[in-house]
Amino acid sequence: QVQLVESGRGLVQPGGSLRLSCAASGFQFSMYAMTWYRQAPGKQRELVATISRDGSTDYADSVKGRFSISRDNTKNAVYLQMRSLKPEDTAVYYCTGGPYGSWGQGTQVTVSS
């Protein structure tokens, strides 16, 4: 059974940092690209960052230079390090991947003073 479980939710001030984690199980993690999406209230879900199985990365223009995606295949985990956070980064963040394109339940990130 494929499972993706995000963690690291939080309330941070503008300019702050936060690290999200996504623990994967039920599939051969190292063989699949993994992606972080986010959805802000009233907005469509958008791709934030993706990492291929060989570690190459790609980012939305809105987060380039501030966010960093990484993976640890020994722990079956993917991470999203977020820096210089802005109020517009407030959203529910989801990880997705695996053989069926599964989604986690999401984790809330709120950037506010």
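Here is a short tour of this structure, stop by stop.

The model is predicted, so local features need pLDDT of at least 70 and side-chain atom pairs count only at pLDDT 80 or more, while totals for chains, interfaces and linings use all residues. Residues are numbered from 1 along each chain as its sequence is written, and side-chain values use heavy atoms, with hydrogens and water left out.

**Stop one: the disulfide.** Select C22 and C95, whose sulfur atoms are 1.9 Å apart in a disulfide (a pair of cysteine sulfur atoms within 2.5 Å). The whole structure holds 1 disulfide. C22 sits in strand β3 (residues 18-25) and C95 in β9 (residues 91-97), so the bond ties together parts 73 residues apart in sequence. Strands here are DSSP runs of E, at least two residues, numbered from the N terminus. Check the torsion about the S-S bond: it is about 45°, so the disulfide is right-handed. C22 counts as buried at 1% relative accessibility (buried means under 20% relative accessible area, 1.4 Å probe, protein chains only).

**Stop two: the core.** Now show W36, V78, L80, M82 and Y93, the residues with the most contacts inside the largest nonpolar core, which has 29 residues. Such a core is a set of buried Ala, Val, Leu, Ile, Met, Phe, Trp, Tyr and Cys residues joined through side-chain atoms within 4.5 Å. β3 gives the most to this core, 4 residues.

**Stop three: strand β11.** Colour T107, V109 and V111 for the covered face, then Q108 and T110 for the uncovered one. β11 runs parallel to β2 (residues 10-12), with 3 bridges (pairing takes at least two DSSP bridges). L11 has T110 as its bridge partner. With β9, the pairing is antiparallel over 3 bridges, and V92 partners Q108.

Terms used
Buried < 20%, exposed > 50% of the residue type's maximum accessible area, 1.4 Å probe, protein only.
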